[in-house]
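Here is a short report on one protein model. Take a look at the structure first, then read on.

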Amino acid sequence: MSELNDLYQEVILDHNKNPRNFREIENADKTADGNNPLCGDALRVYVQLEDDKVKDVAFKGSGCAISKASASMMTQIVKGKTREEAEVLFDEFHKMVTGELDIEKEENDLGKLKIFAGVLEFPARVKCASLSWHTLHAALNEEEAVSTE
Ligand code: ZN
């Protein structure tokens, strides 16, 4: 587990310093705002669809390193996926950070996102890590805003 923790630290620092897809998408097909008042994380997710695929996805906002890194990785991974695939990832990610999915034993498509399994040990951080995913889910389902409270 400590190797995973080292990797976790490294990835979080990297994405926090240099978040990917950290920009607005003008005329985005879908947007939603996500708020995590407990920590003060606030971000907006932009989605551009083409047919049923996520052609482009980006985010803007401010928050702690974990929320930012998670949003950054989410945009990288979801880009090019179908809506359905994105929703599966949302579901798996949510289950992983809440302890409902055992990533070692149960099949999943989380890949690199597995490093966030570490937040399980820090309950206050679970909402930080999953905020961007809830916001993406809201955007894809025509909801304008989501709050973790
Ligand atoms: Zn946070």
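## The nonpolar core

A nonpolar core is a set of buried Ala, Val, Leu, Ile, Met, Phe, Trp, Tyr and Cys residues joined through side-chain atoms within 4.5 Å. In this predicted model, the largest such core has 43 residues. Val47, Ile66, Phe93, Met96, Phe116, Trp133 and Leu136 touch the most other members. Helices H1 (2-17), H2 (65-78), H3 (83-97) and H4 each give two or more residues to this core, and so do strands S2 and S3 (53-62). H4 gives the most, with nine residues. In soluble globular proteins, nonpolar side chains tend to be buried together.

## The zinc site

Which residues coordinate the zinc ion? They are Cys39, Asp41, Cys64 and Cys128, with distances of 2.2 to 2.7 Å. Along the chain, the donors follow the spacing C-x1-D-x22-C-x63-C. Cys39 lies in the loop between strand S1 (30-36) and strand S2 (41-50), whereas Cys128 sits in helix H4 (residues 123-140), 89 residues apart.

Cys39 is partly exposed, because its relative accessibility is 35%. Cys128 is buried, at 0% relative accessible area.

## The overall fold

The protein has four helices and four strands. From the N terminus on, they run α-β-β-β-α-α-α-β.

Methods
Residues are numbered from 1 along each chain as its sequence is written. This is a predicted model: local features need pLDDT of at least 70, side-chain atom pairs count only at pLDDT 80 or more; totals for chains, interfaces and linings use all residues. Side-chain values use heavy atoms; hydrogens and water are left out. Donors are N, O and S atoms within 2.8 Å of the metal (3.2 Å for Na, K and Ca); water is not among the atoms, so sites may look incomplete. Buried means under 20% relative accessible area, exposed over 50%, partly exposed in between (1.4 Å probe, protein chains only).
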